[in-house]
Amino acid sequence: MKKISFLLVALLLVLSLAACGSNNNNGGETANSNSGTDKADTGKEVVIKFPSYKTGNNVGAIFYLPQIERFNQKYAGKYKIEIEEIVQDEYSKKIKLLYQQKKLPPLIEVDKELADIMINNGDLLDLKPYIDNNPEINSILIEDSVKYNTDKNGKIVSLPLAFERPIGLYYNKELLQKAGITEPSTTWDGFFSDLDKLKAAGVTPLALMTGENGWTTMLLASAMIASEPEGQDLLAKGDIVTNFNSPLWINTFAKVQKLLTDYTTKSALGATYSIAANEFFSDNTAMIANGPWMVGDFSNPDKASDGFAGKVGATIYPNGVALGSADGYWYSIPKDTPQETVDGLIEYFKFIYSPEELNAFLVAEGGFAPKMPMPDDAKAKLDPILRQLNDEVGSKMKTLNRLIYDIVPQSVADLFAKNLPLLATNDMTPEQFCKAMTDAAEKFKK
């Protein structure tokens with residue numbers, strides 16, 4: 001009996017200790033998420049995993065992935081970032097699904113629609129204390145971006161931008177010269193006249209796409225909207241638009257329809273970005289709309305022929321329009337992310353905003369940091385095409401504008417891409433196109 005009693009007591013003691021350990025662990029996780037303790041100091045490497053679309057054939061991968069490796073090398077043994085590959089077109093959908101499942105990764109990029117929901121629910125970590133405590137980040141942030149990323153309670157819900165990258169237009173100088181054009185016109189009437197001249201000279205004017213998110217086509221539509229006073233007001237205000245049954249939108253998409261039916265390649269129907277880009281790289285089209293991150297591909301032997309970059313010029317859109325702004329959400333951290341991971345991500349933010357990395361980024365992908373002038377040695381490394389784009393921005397830009405995708409619900413953006421092929425084949429009129437977007441937006445309002 002004594003032996004049995006002794007075993008029973010020992011068993012109860014083991015169970016009691018296990019229960020205490022379990023409770024302490026749960027309590028520790030809660031405390032960890034709110035404390036400033038850096039668990040990485042224990043000597044155990046903190047692995048930070050999250051999905052990114054800047055992988056594979058995505059043009060952003062060229063700079064992004066080596067930068068991740070540089071971070072991992074600098075913080076070897078303390079922090080390590082591991083990237084899960086995902087195609088860009090699926091990224092937002094996956095993040096929304098993971099949010100519904102309460103399985104968000106520690107670092108996310110959210111569109112305005114999801115951001116509004118997460119902000120209202122208090123599901124994003126307040127970055128303000130971390131930014132305030134790190135002057136190397138705080139001192140270079142753009143005020144408008146800080147304001148945009150600050151909620152009504154004064155919390156900074158996403159990492160504000162320290163740089164701007166105007167999106168413009170690239171053109172093949174040799175193909176334009178074939179049509180007697182030295183550079184694209186600075187007015188829309190002149191631009192359409194250029195398209196007619198190119199077509200008459202046997203040159204396909206534009207590399208457009210109706211697949212994926214319709215990116216290159218959407219950029220031209222955004223530039224047209226930004227060229228109208230009413231459209232510029234909408235883009236400047238930044239509020240979500242839900243009614244597209246107006247002359248502004250209908251006339252814009254009538255022009256887009258003309259671009260798709262008269263001035264682009266047959267491959268544009270259903271084309272992904274890679275197909276549209278290849279049409280430009282292959283001297284099959286004279287112009288393509290895209291951001292400065294594309295410039296590196298012009299001299300990439302896997303994508304363009306030798307010497308192709310020397311043929312390329314860069315400019316902004318007619319009426320002095322450039323696209324892009326410091327508004328918008330970038331990197332956010334979900335509220336319940338463990339503190340050791342938060343600490344690692346703050347180090348990552350400091351790393352990418354360090355002078356060396358930020359200047360390397362701007363040299364590689366274009367743009368400028370208003371509060372951190374580029375040193376002469378970095379300027380000397382600028383690709384001639386990026387230098388021309390910067391000069392065009394400086395001499396011709398009248399307005400820097402948001403994109404259409406920045407002011408519509410995600411459901412409308414999805415429908416825009418879905419219906420572009422119907423617009424291209426004349427199976428949908430501009431009026432029907434705009435009505436379909438309005439109907440989708442009405443559901444968003446509900």
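**Figure 1. Lys-102 in its loop.** Helices are DSSP runs of H or I with at least four residues, strands are DSSP runs of E with at least two, and both are numbered from the N terminus. By that numbering, Lys-102 lies in the loop between α3 and β3. The model shown here is predicted. Phi of Lys-102 is near 60°, a positive value in a residue other than glycine. Most residues other than glycine have a negative phi. Lys-102 counts as exposed, because its relative accessibility is 77%.

**Figure 2. The whole chain.** The protein chain holds 19 helices and 10 strands. Its C-alpha trace spans about 105 × 55 × 40 Å along the principal axes. The chain has 446 residues, and 51% of them count as buried. Across the whole structure, a search finds 18 salt bridges.

**Figure 3. Asn-426, in the loop between α18 and α19.** Helix α19 covers residues 430-445, and Asn-426 sits in the loop between α18 and this helix. Phi of Asn-426 is positive, at about 65°, although the residue is not a glycine. Is Asn-426 buried or exposed? At 52% relative accessibility, Asn-426 counts as exposed. The cut-off matters here: exposed means over 50% relative accessible area.

**Figure 4. Strand β6 and its partners.** Strand β6 runs over residues 285-290. Six of its six residues are buried, so the strand is largely enclosed by the rest of the structure. Which way does strand β4 run against β6, parallel or antiparallel? Strand β4 covers residues 168-172, and it runs antiparallel to β6, joined by four bridges. Strand β5, residues 204-206, pairs with β6 in the parallel sense over two bridges. Here Leu-206 has Met-287 of β6 as its bridge partner.

**Figure 5. Strand β1 beside strand β2.** Strand β1 takes in residues 46-52. Five of its seven residues are buried, so β1 is largely enclosed by the rest of the structure. How many bridges join β1 to strand β2? Seven bridges do, and the two strands run parallel. Strand β2 covers residues 79-85. Lys-49 has Glu-82 in β2 as its bridge partner.

**Figure 6. The salt bridge between Arg-70 and Glu-357.** Side chains of opposite charge can pair when their charged atoms come close. Arg-70 forms a salt bridge with Glu-357, and their closest N and O atoms are 2.8 Å apart. Arg-70 lies in helix α2 (residues 61-74) and Glu-357 in helix α15 (residues 355-365), so the pair ties together parts that are 287 residues apart in sequence. Arg-70 is partly exposed, with a relative accessible area of 31%. Glu-357 is buried, with a relative accessible area of 9%.

**Figure 7. The salt bridge between Asp-111 and Lys-96.** The closest N and O atoms of Asp-111 and Lys-96 are 3.3 Å apart, and the two residues form a salt bridge. Asp-111 lies in the loop between β3 (108-109) and α4 (112-120), and Lys-96 in helix α3 (residues 88-100), so the pair ties together parts that are 15 residues apart in sequence. Asp-111 is buried, because its relative accessible area is 17% and buried means under 20%.

Figure 8. Lys-237 forms a salt bridge with Asp-239, with 3.6 Å between the closest N and O atoms. Lys-237 is exposed, with a relative accessible area of 63%. Asp-239 is partly exposed, with a relative accessible area of 41%.

**Figure 9. A patch of negative charge.** Which residues gather in a patch of negative charge on the surface? They are Asp-89, Glu-90, Glu-212 and Asp-414. Asp-414 lies in helix α18, which covers residues 410-424. Asp-414 counts as partly exposed, because its relative accessibility is 36%.

Key. Residues numbered from 1 in each chain as written. Predicted model: local features only at pLDDT ≥ 70, side-chain atom pairs only at ≥ 80, totals over all residues. Heavy atoms only, no water. Patch = residues over 30% accessible without salt bridge, like charges linked within 9 Å, V, L, I, M, F, W, Y side chains within 5 Å. Areas by Shrake-Rupley, 256 points an atom, 1.4 Å probe, with all protein chains shown as cover. Salt bridge = Lys/Arg side-chain N within 4 Å of Asp/Glu carboxyl O. Lys, Arg positive; Asp, Glu negative; His and termini not counted. Charge placed at Lys NZ, Arg CZ, Asp CG, Glu CD. Buried < 20%, exposed > 50% of the residue type's maximum accessible area, 1.4 Å probe, protein only. Pairing = 2+ DSSP bridges.
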